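Got a fold on screen and want to know how to read it? Let's go through it together.

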Amino acid sequence: MELKKLYFALLVCWSVSLQACGQTNNNAYALMLRGLYSHTVPVIKSAELKEQMQQKQPPVLLDARAPEEYKVSHLKGARLVGYDTFEVSKLKDIPKNTPLVVYCSVGYRSEKVGEQLQEAGFTNVRNLYGGLFDWVNTGLPVYNKAGRTKQVHAYAKSWGIWLHKGEKVYGAD
């Protein structure tokens, strides 16, 4: 576990360095995600999720971010489940074989929630690769209670470097 914390600290330092150099491209993002993910939950790419969301029975979307992040923007129809406050018992209404897609800002927190869902017996869980940041960077829409928005909660300035499109928000608005 200590090695994971050290790796995480190095990622943050590396992210800040990349920001200073203006080098936050897709390859750097992919490399960062590869090291950040445990690869325990299958991923789904933004383009594939977009297609599935247009089907007759789209997957259930679960937002694993904090309420203040969700309030700024989220995927249309997503259900806020949180990360720090996540409880599998709150999903009693969802059959265990339902297609679920969990997401957060970059995919780390959602992978951890996805692991808990798998342990609870959910059989069709996927993590949105690159999270909401990848979704927005691909040009796909996000929403808040007023409708479509350009605002995206960027979590923290050290993580906001990965968000290239949309209007970054760092506090609850």
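Q: What should I know before I start reading?
A: This is a predicted model, where local features need pLDDT of at least 70, side-chain atom pairs count only at pLDDT 80 or more, and totals for chains, interfaces and linings use all residues. Residues are numbered from 1 along each chain as its sequence is written, and side-chain values use heavy atoms, with hydrogens and water left out.

Q: What pLDDT does the protein chain average?
A: pLDDT is the predictor's confidence in each residue, from 0 to 100. Here the chain averages 89, and 84% of the residues score at least 70. Over residues 15–24 the pLDDT is below 50, and that stretch has 16 contacts (heavy atoms within 4.5 Å) beyond near neighbours in sequence.

Q: In what order do the strands of the open sheet run?
A: Strands are DSSP runs of E, at least two residues, and helices are runs of H or I, at least four, numbered from the N terminus; two strands pair if DSSP finds at least two bridges between them. The five strands go β1-β5-β4-β2-β3, with parallel pairing. β1 (43–44) and β3 (79–80) each have a single partner strand, so one side of each lacks a neighbour in the sheet. Two bridges join β2 (residues 60–63) to β3, with L62 opposite R79.

Q: Is T149 buried or exposed?
A: Buried means under 20% relative accessible area, exposed over 50%, partly exposed in between (1.4 Å probe, protein chains only). T149, in strand β7 (residues 147–149), is buried at 16%. Leaving aside neighbours within four places in sequence, T149 contacts V72, S73, V142, Y143 and N144.
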